[in-house]
Amino acid sequence: MVVGELVRAELRRVDWASLKCGCGDSAEHVPLLFEAIITAETPRDMIGYTLDDHVEGDTVIFECTPPAVGVIMAALAGDLSPLARDVLLQTLLFVAAGSGDYALDTTEGAGLGDRCRHHAQEGFWGLVQIGLTGTAEDAETVADICEYFKLGGDKAAFYQAELRDRVRAKTKRGRRV
């Protein structure tokens, strides 16, 4: 796979060097991590390239997380391998799980979860599309992301139920696709 123009633009839009990464350094290396994940053809191609402890770490989010969510949403809107889509959805799930409870007393940490939620909300329809057309695991992950981020406003309950019904239907038939 190739890195699409939307993702490249979103990566260029951010001054990554000015942001703190979860590893403790500047986030200047985060675009390289995204490019490696998106272009990987096998899990082996991803060895050494992970968003864990850079964009999120055990559901803890960092200064670079909100713009990284913007990149994830841009990538999910494009053509991705199932491998890359899974990695990005899982990262988004961990961010969503952590961002609801994450609030630092300092000005630096205030609002990180809200900014992540805002980027994810902008891509709500794309997430729902992935959940309705992807695998049962995708549907479950997207339903959880929507729940944790409280995405979709008045539509949220309907689409979460649709996604969860899809998971149950696939599981009931004995085949999780």
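**Reading a predicted helical chain**

Ser81 sits in the loop that joins helix H3 (65-76) to helix H4 (82-99). The model discussed here is predicted.

User: What does the radius of gyration say about the chain?

Analyst: The value is set against what a compact globule of 177 residues would have, near 16 Å; the chain has 16 Å, which agrees. Along the principal axes, the C-alpha trace spans about 50 × 40 × 25 Å. Of the 177 residues, 46% are buried. The accessible surface is about 9,100 Å², and carbon and sulfur atoms account for 51% of that surface.

User: Among contacts between residues at least 6 apart in sequence, what percentage join residues at least 24 apart?

Analyst: For this chain the figure is 68%.

User: Which residues of helix H6 are buried?

Analyst: In H6, residues 124-133, the buried ones are Phe124, Leu127, Val128, Ile130 and Gly131. Viewed down the helix axis, the buried residues of H6 fall within an arc of 160 degrees, so they line one face of the helix.

User: How is a pair of aromatic rings described?

Analyst: Two values are given: the distance of the centres and the angle of the planes. Across the whole structure there are four aromatic pairs. One of them joins Phe124 and Trp125, with 5.0 Å centre to centre and 70 degrees between the planes, an edge-to-face arrangement. Phe124 is buried, at 2% relative accessible area, whereas Trp125 is partly exposed, at 49%. Phe158 and Tyr159 form another edge-to-face pair, with centres 5.0 Å apart and planes at 85 degrees. Phe158 is partly exposed, with a relative accessible area of 48%.

User: Which residues do the ring pairs link into a cluster?

Analyst: The cluster consists of Phe124, Trp125, Phe158 and Tyr159.

User: How many salt bridges does the structure hold?

Analyst: A Lys or Arg side-chain nitrogen must be within 4 Å of a carboxyl oxygen of Asp or Glu. The structure holds seven salt bridges. One of the bridges is between Arg85 and Asp138, whose closest N and O atoms are 3.3 Å apart. This pair links distant parts of the chain, with Arg85 in helix H4 and Asp138 in helix H7 (residues 136-149), 53 residues apart. Arg85 counts as partly exposed at 21% relative accessibility, while Asp138 is buried at 5%.

User: Where do Arg117 and Asp114 lie?

Analyst: Both are in helix H5 (residues 112-122), three residues apart, which is about one turn of the helix. Asp114 is exposed, with a relative accessible area of 53%.

User: What separates Arg168 and Asp165 in helix H8?

Analyst: Arg168 and Asp165 are three residues apart in H8 (residues 156-172), so about one helical turn separates them. Their salt bridge has an N to O distance of 2.4 Å. Arg168 counts as exposed at 51% relative accessibility, and Asp165 as partly exposed at 39%.

User: Which residues are linked in a network of salt bridges?

Analyst: Asp144, Glu147 and Arg164 are linked in this way.

Technical notes
Residues numbered from 1 in each chain as written. Predicted model: local features only at pLDDT ≥ 70, side-chain atom pairs only at ≥ 80, totals over all residues. Heavy atoms only, no water. Helix = DSSP H or I, 4+ residues; strand = E, 2+ residues; numbered from the N terminus. Buried < 20%, exposed > 50% of the residue type's maximum accessible area, 1.4 Å probe, protein only. Arc of directions from axis to C-beta. Phe/Tyr/Trp six-rings, centres within 6.5 Å; stacked < 30°, edge-to-face > 60°. Rg over C-alpha atoms; globule rule 2.2 N^0.38 Å. Contact = heavy atoms within 4.5 Å. Areas by Shrake-Rupley, 256 points an atom, 1.4 Å probe, with all protein chains shown as cover.
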